[in-house]
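Here are my notes on this one, as numbered points.

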Amino acid sequence: MKRSEINAIMAEADALIRRHGFVLPPFARWSPAEFAARAPEARHVIDARCGWDITDYGAGRFDEMGLFLFTLRNGRLADLQRGGGMCYAEKLLISRRDQLCPMHTHVIKAEDIINRGGATLVVELYGSDDAGNFAEDRGGTVACDGIARPYAPGDKLRLAPGESVTLMPGDWHAFWGEGGDVLIGEVSTVNDDETDNIFRDPIGRFAEIEEDVAPTHLLVSDYATHLPRS
């Protein structure tokens, strides 16, 4: 993806988020220079990889297969492992009309996917085999707003604004907006996008960036190269 495209997506996403009555936290507004200057006090934001995240999964077809994300808060894996402390995470996502977030699951993370506003969110579901691999012939059970709902392989949930689904490790899922763009909330256990996204097909989690202009704001994937180390 070109950096100019990423900058434009950020601006469009921020406008959509505001239209739905949500405002991103102050660090979302920092320029790269301000982020670098404030890195010591923002150590948790950096280490937890909170912030802007835009991906085309390395395929170069963002409008067809891609996702906007902003990690608002994220806990510590060490806390999750010991069973106490900051064991949770929260994100905002935007799934554009017919824009696929490809089939994947998680090994550790359980998550609530919530339609916060906009069009219909379609979530396609499959189960796992005994080794946790994608199984085209297995279903499972999820909770929709706390109510148990069995699913057959390939079932598609259609979530209207305000509705949600709880996905556990091993629930394979893909999603997209139907009829328009969707603002999505994600509330989960600690999030690790570097190692805990298991895709059915061999694709990348992060975009490769062509630096045609300077970044307006840093992506979480920029932190390692643009910010001073602790």
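1. Let's start with Asp79, which forms a salt bridge with Arg76, their closest N and O atoms being 3.7 Å apart. By salt bridge I mean a side-chain nitrogen of Lys or Arg within 4 Å of a carboxyl oxygen of Asp or Glu. Asp79 counts as buried at 10% relative accessibility, while Arg76 is partly exposed at 42%. The cut-offs are under 20% relative accessible area for buried, over 50% for exposed, and partly exposed in between (1.4 Å probe, protein chains only).

2. A word on provenance: this is a predicted model, where local features need pLDDT of at least 70, side-chain atom pairs count only at pLDDT 80 or more, and totals for chains, interfaces and linings use all residues. Residues are numbered from 1 along each chain as its sequence is written, and side-chain values use heavy atoms, with hydrogens and water left out.

3. Searching the whole structure turns up 24 salt bridges. One of them pairs Glu12 with Arg96, at 2.8 Å between the closest N and O atoms. That pair ties together distant parts of the chain, 84 residues apart: Glu12 sits in helix α1 (residues 3-19) and Arg96 in the loop between β3 (88-95) and β4 (101-105). Helices (H or I, at least four residues) and strands (E, at least two) are DSSP runs, numbered from the N terminus. Glu12 is partly exposed at 45%, and so is Arg96 at 23%.

4. Asp98 and Arg97 also form a salt bridge, with the closest N and O atoms 4.0 Å apart; both residues are exposed. Elsewhere, salt bridges with shared partners join Asp53, Lys91, Asp193 and Arg205 into one network.

5. Have a look at Asp56, in the loop between β1 (51-55) and β2 (67-74). Asp56 is buried but has no salt bridge, and the nearest side chain of opposite charge, Arg61, is 8.4 Å away. (Lys and Arg count as positive, Asp and Glu as negative; His and the chain ends are not counted.) What does the side chain of Asp56 reach at 2.9 Å? The backbone nitrogen of Gly58. Beyond its neighbours within four places in sequence, Asp56 is in contact (heavy atoms within 4.5 Å) with Met1, Arg61, Phe62, Met65, Gly66 and Ala207.

6. Zooming out, the chain has 5 helices and 12 strands, and 50% of its 230 residues count as buried. Of the contacts with a separation of 6 or more, 74% come from residues 24 or more positions apart. The C-alpha atoms fill a box of roughly 50 × 45 × 35 Å along the principal axes.

Conventions
Lys and Arg count as positive and Asp and Glu as negative; His and the chain ends are not counted. A polar contact is a pair of N or O atoms within 3.5 Å; within protein, one must be able to donate a hydrogen and the other to accept it, and residues adjacent in sequence count only if both atoms are side-chain atoms.
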